[in-house]
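Could you walk me through this model, stop by stop, while I have it open in my viewer? Tell me what to select next and what is there.

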Amino acid sequence: MNKSQVNFIKLMAFYSCAVFLIYLALLITHVVYAIPNNVNLLNWDSNWYNSIRSFGYEYVEAAQCNLAFFPLFPTIWNLTNLSPIGMAIFNGLIFQLSFYFLLRKEKFNFLFFLFILCTPSFIFFYLPYSESIFFLCSTIALNGMRNNSPSIKLIGLFFASTARSVSVIFVPALIICELVFSSSADNFKTRSLRTAISCLASLCGLCVTIVFQGLQTGKWLYFTSVMKYWDRTWIFPKFPLTTSNPTSILWLDALAFMVGIIAMAFCFKWVFQTFISNEGIFKVEVPPHIFFSALFLSAITILDVCLTNTLNNSTNIWSLNRHLSATAFSVTFLVWLQKYPVSNKEGFALVILLALGIYLTGVFQYPLQTIYYLSYVITFILFKIKVQPANWVFLVTITLQITLQLTTLEEFLWYRWVG
C-alpha cells in the first residue's frame with residue numbers, strides 16, 4: 001500500500017472508532033435510545049427502495065408510489081439480497097471507498113477530511129438509500145473529468161443517471177462545461193461532438209429508467225408526474241426559508257443552501273470573467289470537475305428552493321441537505337474552496353453571505369440551530385485561513401459533529417424527517 005492509502009485507512013479507522021465510542025456513550029447516558037435494525041432502517045425513502053427491490057415498480061393512481069425512484073440502487077439491493085442492516089453496511093463501505101477515490105489525488109489533510117466525514121447529512125451513506133451508489137457513480141464521472149478520460153466520465157454519467165433523476169441537471173451543465181469552458185484549441189465541431197456524446201451518456205441512463213418503469217407498469221415518464229403527490233410544485237420562494245422538523249435539522253438545510261449560493265456566486269463570477277475577457281471566450285482557468293460540481297450544486301439549490309411546497313408561510317427546503325451535502329459534488333467543491341486563495345473582497349463577501357444565511361434560512365428562529373450553524377461555519381473558516389485550533393478545541397468540535405450525526409440518525413430511526 002502507498003502512503004495515501006495508509007493515510008485514508010487511518011482516517012476511516014479513527015472516524016469509525018470515534019463514532020462507535022460516542023454512540024456507546026450516548027446510549028449509556030440515554031441521550032439516544034434507538035439502535036439500527038431491519039425494521040427502523042426501512043423508514044422514508046428506504047421503504048420505497050425496498051418495495052422496488054421486492055415487488056418491482058407499481059403504479060398507484062393519484063397517490064404516492066415508487067415510480068418516483070430510479071432503479072440502480074434497488075437493483076443492486078435485489079442482486080445482493082442483503083437485509084436492511086446488511087445493505088446499510090454495504091453502503092457505508094461503498095461510500096468510504098468512493099471517498100478515498102474522490103480525494104486520493106488531493107493533498108491529504110487528516111483534520112479537514114475528518115471534519116468533512118463528520119457532516120451530519122452523511123448518515124444517508126450508512127442507510128439503505130441510494131446516496132452511496134450515487135456518490136460512487138459521481139466520483140467516477142468527476143475523476144474522468146479531472147483526468148481527461150472520456151470513457152471513465154461517460155461511465156460515471158450513465159450510471160449516475162440511473163441512480164437519481166439528474167439528467168435534467170447534467171445535460172445543461174455538460175453543455176456549459178464542454179462548449180463554454182473547453183480549450184480554445186478545439187474547433188467547434190470537436191466540442192459539439194464531445195458535448196453530444198456526454199449528454200447522450202446521461203440521457204441513456206434516463207432512458208434505462210424509463211424502460212424499467214414502462215415495461216413493469218405501462219407508465220412512461222411517470223416519475224415526472226408523481227412528484228406532485230410529494231407536494232412538489234413550482235413556487236416562488238418565500239423568505240425566510242424553513243424545513244420539515246426545523247427544530248432538529250434546519251441548520252443542515254441552511255448550510256446546504258448557503259453552499260449552493262456560494263457555488264452559484266462562483267459560477268456567475270467565472271461566466272462573467274469569461275465574457276468580459278479581451279482574450280476571447282476561453283479565459284477562465286478552473287478545473288472542469290470543479291466547475292461541473294459548482295453547476296450541479298447551483299442547480300440542486302434552485303430546484304429544491306423552487307420545486308417544493310410552502311410550510312408555515314415559508315418555502316420548505318425539506319430535502320436540500322441530503323440532495324446537496326450528501327454528494328461527491330459537495331465534497332469536491334468544499335475541498336477546492338478550502339484551498340482556494342480568496343481575495344480580501346471575496347473573503348468579505350463570503351462572510352457576509354454566510355452571516356446573511358442566518359436570516360435567509362430562518363435559522364435565527366432557533367437559538368440552538370444557530371449555534372450549530374455558526375460552529376460549522378467558524379470551523380470551516382479556521383481551516384480556510386489555516387488557523388490551527390488547539391487540539392482540545394478541535395476534539396470538542398469533532399465530538400459535537402459526530403454527536404449531531406448520531407442524533408440525526410436517532411431522528412431517522414424514530415421516523416422523524418431528516419432529509
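Start by selecting Leu-382, which sits in helix 15, the run of residues 367-384. Keep in mind as you go that this is a predicted model.

Next, go to Phe-239. You will find Phe-239 in the loop between strand 1 (233-234) and helix 10. With 40% relative accessibility, Phe-239 is partly exposed. Which residues does Phe-239 touch, not counting those up to four places away in sequence? Show Phe-257, Tyr-359 and Leu-360, and you have them. For a sense of distance, pick Trp-220 as well: Phe-239 and Trp-220 are 19 residues apart in sequence, and their C-alpha atoms are 36 Å apart in space.

Helix 10 itself spans residues 246-276, and Ser-248 is found there. Ser-248 has a relative accessible area of 25% and is partly exposed. Leaving aside neighbours within four places in sequence, Ser-248 is in contact with Gln-369 and Glu-411. Then select Ile-85, which is 163 residues from Ser-248 in sequence and 25 Å from it in space, C-alpha to C-alpha.

Now for another serine. Is Ser-330 buried or exposed? Ser-330 is buried, with a relative accessible area of 3%. Ser-330 lies in helix 13, residues 328-339. Beyond the residues up to four places away in sequence, Ser-330 touches Leu-297, Leu-324 and Ser-325.

Time for the rings. The structure holds 54 aromatic pairs, and we will visit two of them. Select Tyr-129 and Phe-412, an edge-to-face pair with 5.9 Å centre to centre and 70° between the planes. Tyr-129 lies in the loop between helix 5 (110-117) and helix 6 (131-146), while Phe-412 belongs to helix 16 (residues 391-413), so the pair ties together parts that are 283 residues apart in sequence. Tyr-129 and Phe-412 are both buried.

Move on to Trp-318 and Trp-417. Their rings form a tilted pair, 5.4 Å centre to centre and with 35° between the planes. Trp-318 is in the loop between strand 3 (314-316) and helix 12 (320-325), and Trp-417 is in the segment after helix 16, so this pair links parts 99 residues apart in sequence. Trp-318 is buried, as is Trp-417.

Two charged residues over rings come next. Select Arg-164 together with Phe-134: Arg-164 lies over the face of Phe-134, at 4.6 Å from the ring centre. Then try Lys-219 with Tyr-59, where Lys-219 lies over the ring face at 4.5 Å from the centre.

Where does Phe-20 lie? Phe-20 is in helix 1, residues 3-28. At 55% relative accessibility, Phe-20 counts as exposed, because that class takes in values over 50%.

Methods. Residues are numbered from 1 along each chain as its sequence is written. This is a predicted model: local features need pLDDT of at least 70, side-chain atom pairs count only at pLDDT 80 or more; totals for chains, interfaces and linings use all residues. Side-chain values use heavy atoms; hydrogens and water are left out. Rings of Phe, Tyr and Trp (its six-membered ring) pair if their centres lie within 6.5 Å; planes under 30 degrees apart count as stacked, over 60 as edge-to-face and the rest as tilted. Helices (H or I, at least four residues) and strands (E, at least two) are DSSP runs, numbered from the N terminus. Buried means under 20% relative accessible area, exposed over 50%, partly exposed in between (1.4 Å probe, protein chains only). A charge sits over a ring if NZ of Lys or CZ of Arg is within 6 Å of the ring centre and within 35 degrees of the ring normal. Contact means heavy atoms within 4.5 Å.
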